[in-house]
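Here is a short briefing for a reader new to this structure. Look at the sequence and the model first, then work through the points below.

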Amino acid sequence: MKLSYKLALVLSLAASLSVLLSSMVFLGIEYSLLKNSEIKTESAMKTGVAGIIREAQLANDPLILVDYLRLLGKEHKEIGRCRVWMNGKWRDVKGIGANLKKDNALILKVFPASKTAGELASLKAQIWLSRSAIENKISAMRRSLFRQMEETSGVFIFLGIIFALPIGRGLSRRIQIIENAVAKIGEGKAGMRLEKLGRDEIGRLSEGVNKMAERLDEIDRIKKDFVASVTHELRSPLGAIESHVSHILSGKTVGEEDRKSLSLILNNVNRLSHFVSNLLQMAKIERGKLDFMPKIAALSPIVEDGALFFASAAQKAGMKLDYKVDPQIPPLRLDPDLITHVLANFVSNALKFTRPGGTIFVSLERVGNWAECSVKDTGIGLEEKDVKRIFAPFERIRNPLKATGVGLGLAISKSIIEMHKGEIGVESKPGVGSRFYFRLPLK
Ligand SMILES: Nc1ncnc2c1ncn2[C@@H]1O[C@H](COP(=O)(O)OP(=O)(O)OP(=O)(O)O)[C@@H](O)[C@H]1O
Ligand SMILES: [Mg+2]
């Protein structure tokens with residue numbers, strides 16, 4: 001469940017719970033007020049009747065009391081019966097409590113006549129209040145209170161959800177921003193920075209993420225500078241060793257044993273300088289310092305020369321290397337040295353990962369609005385899951401041919417092709433072979 005929904009649910013539940021609790025308290029208070037008001041009504045009734053008795057005595061008219069009681073009976077449905085003591089006997093006031101059950105639960109209220117009255121000193125009134133009618137009245141009021149509580153709770157829950165959803169979204173949106181940023185840092189994009197996300201804990205968390213990214217960025221920069229300077233420093237002595245050993249080997253005075261040792265040294269120095277120059281090139285790409293000098297140039301001769309350059313190496317390795325170039329491809333905006341580098345890596349890889357007897361085919365053709373150069377081999381091929389990895393730096397797949405390398409060639413090629421606004425990719429099947437390609441835009 002999304003965090004925003006969880007938060008909205010929790011907030012609306014909390015709102016409903018507090019509404020429910022406060023309604024219950026409110027209901028309790030209302031209920032006791034209701035009871036009190038019932039008691040007050042009774043005592044007001046008593047005082048009222050007592051007052052009217054006094055008035056009736058003063059006016060010497062018992063009908064005033066009878067009329068008053070009749071009115072009272074109409075007004076208060078809980079009055080089940082009224083009778084008046086006059087002229088020495090009890091008389092029922094007619095028309096009161098006609099529909100009321102005359103059960104045993106009637107409460108008798110007696111209003112004694114005033115002893116101080118004159119002629120009608122013996123005027124009295126009795127009122128029966130129906131307990132069930134009182135209870136019915138109270139429970140009807142209670143029901144209406146419950147209904148009101150239900151309605152207000154419903155409204156509050158609805159409002160709670162309406163208000164909680166944007167609050168939840170707001171919170172989860174900020175957490176999502178941080179999550180995306182952390183994912184980007186995890187992908188190695190430590191250059192990203194988060195916008196200010198408030199002053200609360202989430203805001204402070206975003207500041208912490210920014211500080212972490214800054215530090216990582218700095219460490220990354222130090223690492224790149226270090227690699228760049230070390231590889232740069234290594235290049236000159238390696239070049240010197242390479243040229244001196246080559247020079248000694250070209251001499252006639254070197255014995256057979258020494259020649260073998262020197263060739264071994266030369267091979268290793270070549271491997272080392274290939275590694276160092278790849279490392280240096282990657283460091284330059286990462287620091288945005290790779291010399292990219294595009295010009296309008298024909299791609300066909302670059303592809304042809306590249307294929308021819310590896311022909312003898314393919315022959316030595318017992319492979320057939322062919323090429324086919326479309327001469328109609330118009331000149332493009334490209335950096336010939338860098339494109340040669342990409343092609344060289346494709347073909348050298350094809351040589352490394354194909355068994356003797358296999359074939360390598362280099363081609364240049366037009367595909368839609370692209371000029372596509374591809375190197376197809378009948379080598380060991382790649383699994384689907386590995387295809388996604390090999391364009392990242394230092395990614396190599398365990399291979400049965402024990403081919404050497406550091407895993408930088410394709411990463412460098414990818415950056416070079418991206419500089420040209422082109423595309424790079426591979427189609428491969430394990431055990432069948434691979435077709436690595438790059439495309440450059442024709443316009
Ligand atoms: N033609 C191919 N057939 C099968 N696997 C290949 C092929 N080309 C590349 N790969 C796989 O991709 C990996 C990366 O290639 P990449 O050119 O980047 O590095 P490398 O050749 O191992 O070393 P480097 O090019 O830095 O000397 C290789 O190690 C290999 O596992
Ligand atoms: Mg390579």
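Phe361 sits in strand β8, which covers residues 359-367. The model is predicted.

**Around Phe361**
- Phe361 and Asp322 are 39 residues apart along the chain, yet their C-alpha atoms are separated by 4.9 Å.
- Beyond the neighbours within four places in sequence, Phe361 is in contact with Asp322, Tyr323 and Lys324, and also with Ser374, Val375 and Lys376.

**The magnesium site**
- Which residues give the protein donors of the magnesium ion (ligand 2)? They are Asn345 and Asn349, each through its OD1 atom.
- These donor atoms lie 2.2 to 2.3 Å from the ion.
- Both residues belong to helix α7, residues 336-352.
- Asn345 and Asn349 are four residues apart, about one turn of the helix.
- Is Asn345 buried or exposed? Asn345 has 12% relative accessibility, so it counts as buried, the cut-off being under 20%.
- Asn349 is buried too, at 13% relative accessibility.
- Asn345 also reaches other parts of the sequence: setting aside neighbours within four places, it is in contact with Gly409, Leu410 and Ser413.

- Asp92 is placed in strand β2, residues 89-92.
- Asp92 counts as partly exposed, with 44% relative accessibility.
- Not counting residues up to four places away in sequence, Asp92 touches Arg81, Cys82 and Arg83.
- How far apart are the C-alpha atoms of Asp92 and Lys289? The separation is 115 Å, for two residues 197 apart along the chain.

**Backbone angles to note**
- Most residues other than glycine have a negative phi.
- Phe394 is not a glycine, but its phi is positive, at about 65 degrees.
- Phe394 lies in a loop, with α8 (384-387) on one side and α9 (409-419) on the other.
- Lys421 likewise is a residue other than glycine with a positive phi, near 60 degrees.
- The loop holding Lys421 runs between α9 and β10 (423-429).
- Lys421 is exposed, because its relative accessible area of 65% is over 50%.

**The whole chain**
- The protein chain has nine helices and 11 strands.
- Its radius of gyration is 50 Å, well over the 22 Å that the globule rule gives for 443 residues, so the chain is more spread out than a compact globule.
- Along the principal axes, the C-alpha atoms fill a box of roughly 165 × 40 × 40 Å.
- Buried residues make up 37% of the 443 residues.
- Among contacts with a separation of 6 or more, 67% join residues 24 or more positions apart.

**Surface and charge**
- The protein chain exposes about 27,000 Å².
- Carbon and sulfur atoms supply 59% of that area.
- How many positive and negative side chains does the protein chain have? There are 67 positive and 48 negative ones.
- The centres of the two sets lie 7 Å apart.

Technical notes. Residues are numbered from 1 along each chain as its sequence is written. Chains are lettered from A and ligands numbered from 1 in the order in which they are written. This is a predicted model: local features need pLDDT of at least 70, side-chain atom pairs count only at pLDDT 80 or more; totals for chains, interfaces and linings use all residues. Side-chain values use heavy atoms; hydrogens and water are left out. Donors are N, O and S atoms within 2.8 Å of the metal (3.2 Å for Na, K and Ca); water is not among the atoms, so sites may look incomplete. Helices (H or I, at least four residues) and strands (E, at least two) are DSSP runs, numbered from the N terminus. Buried means under 20% relative accessible area, exposed over 50%, partly exposed in between (1.4 Å probe, protein chains only). The radius of gyration is taken over C-alpha atoms; the globule rule is 2.2 Å times the number of residues to the power 0.38. Contact means heavy atoms within 4.5 Å. Accessible areas come from the Shrake-Rupley method with a 1.4 Å probe; for residues, only the protein chains shown count as cover. Lys and Arg count as positive and Asp and Glu as negative; His and the chain ends are not counted. The place of a charge is taken as NZ of Lys, CZ of Arg, CG of Asp or CD of Glu.
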